[in-house]
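Take a look at the model below.

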Amino acid sequence: MVVEEERDLETIDIHVNVGPQHPATHGVFRMVLTVSGEKVVDVVPHIGYMHRGAEKLSENMDYRQALIYQDRTEYLAQFNAEMCYVMAVEKLAGIEVPERAEYIRVILAELNRITSHYMFVGAFATDLGVYGTIFTYAFREREYIQELFESVSGDRMMYGYFRPGGVVWDVSADFKERVRWLCKQTRVGINDIERLLTRNEIFVARCRDIGAIAAEDAIDYGLSGPMLRASGVPVDLRREEPYSIYDRFDFDIPVGERGDVYDRYLVRMEEMRQSVRIVEQALEQMPEGPVLPEKLPRRLRPPLGEVYMRTENPRGEYGIYLVSKGGEKPYRLKIRSSCFCNLMALKEMVVGHYVADAVIILGSVDIVLGEVDR
């Protein structure tokens, strides 16, 4: 009888490139996974493929012209990016915004939050392998709102509608009627998506306890937005540091319990409902009146100084740091990107999970690469 000797199996870690061309990377982003079998033991994120140079380009345009680069930086929540920028300019130049313009801004920014979250849930479901159905549902609902955006601004994607001091022109006579219909339809769309996903046992099994991050770690990494609130931290700048007219509205701050992929999904779904509440209240309160100040200089020359303005964008805290030296152009413009900061926790969330989990963890961060590599 031959007795086989026991042998120690020699294994080696393998480096796997995911992206930048792979659709699982949500754009021009590459992560190098080090895997042992199917387990991820290390991850190195690589950014720097877009090189938009939005900050430096903005410094070579006057304060109004620089607005167009904000749309291209946050190309899924353009109104939100525009709002942060124009509020920074207004704070620097001491410009007072008419009431009606404030309400129009809030309505469009909250509807834009909804379209951004629709894009998230459609792409996220595709990451999990739910090809087609949810993506189609999400884009159908998103399209209703996009049609309103196009009619208001005249542009399909890069709106350029906000201005320092207000908005470029007033909304149409049927604006309120159309937005009321959108609010009703959005509730229907959210319910349709939730019936397909929220209690689907395969979806829950793929998401629950995956990529979890504790509240303390989330704060240490500088996470914000749904990423932070999913970890149980109820911080929302619309409530913590109310800007514009957000202190006039009643809405809840959704939070998670475990800080995992599933909680991030739930938080964003509930945030859409809360955005609908804000929009409905804004519609009821919106007054008549001008949408730009009567005496607004044709060329803005803010006095010497510096400001930092931050807003609660769909992906978290979005900040604009502006420095003026008294000229027509920003002396310095820097963007605090929520996506860039949220990516800092990617290694913490991915290591220890399977390769298939790494894809949905990245998807749950909901990055926009124009904001990451600007």
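Angles under 35 degrees count as roughly parallel, over 145 as roughly antiparallel, 65 to 115 as roughly perpendicular, and the rest as oblique. Axes are lines fitted to C-alpha atoms, for helices over the stretch in contact, and angles run from 0 to 180 degrees between N-to-C directions. Helices (H or I, at least four residues) and strands (E, at least two) are DSSP runs, numbered from the N terminus.

This is a predicted model: local features need pLDDT of at least 70, side-chain atom pairs count only at pLDDT 80 or more, and totals for chains, interfaces and linings use all residues. Residues are numbered from 1 along each chain as its sequence is written, and side-chain values use heavy atoms, without hydrogens and water.

Start with α4 (residues 99–127) and α14 (residues 355–365). Their axes come within 9 Å and cross at roughly 175 degrees. The two helices are therefore roughly antiparallel. Phe120, Phe124 and Asp127 of α4 touch Val359, Ile360, Gly363 and Ser364 of α14 (contact means heavy atoms within 4.5 Å). That contact has four nonpolar, two polar and one charged residues. Here Ala, Val, Leu, Ile, Met, Phe, Trp, Tyr, Cys and Pro count as nonpolar, Asp, Glu, Lys and Arg as charged, and the others, Gly among them, as polar.

On a 1 Å grid over the protein atoms alone, a cavity is a set of points where a 1.4 Å probe fits but cannot get out; lining residues have an atom within 4 Å of a point. Which residues line the largest cavity? They are Asn80, Met83, Ala109, Tyr243, Tyr246, Thr311 and Asn313. α3 (78–93) and β6 (305–313) each give two or more of them. The lining has four nonpolar, three polar and no charged residues.

How values were computed: On a 1 Å grid over the protein atoms alone, a cavity is a set of points where a 1.4 Å probe fits but cannot get out, and a pocket is an open set with protein on both sides within 12 Å along at least five of seven lines; lining residues have an atom within 4 Å of a point.
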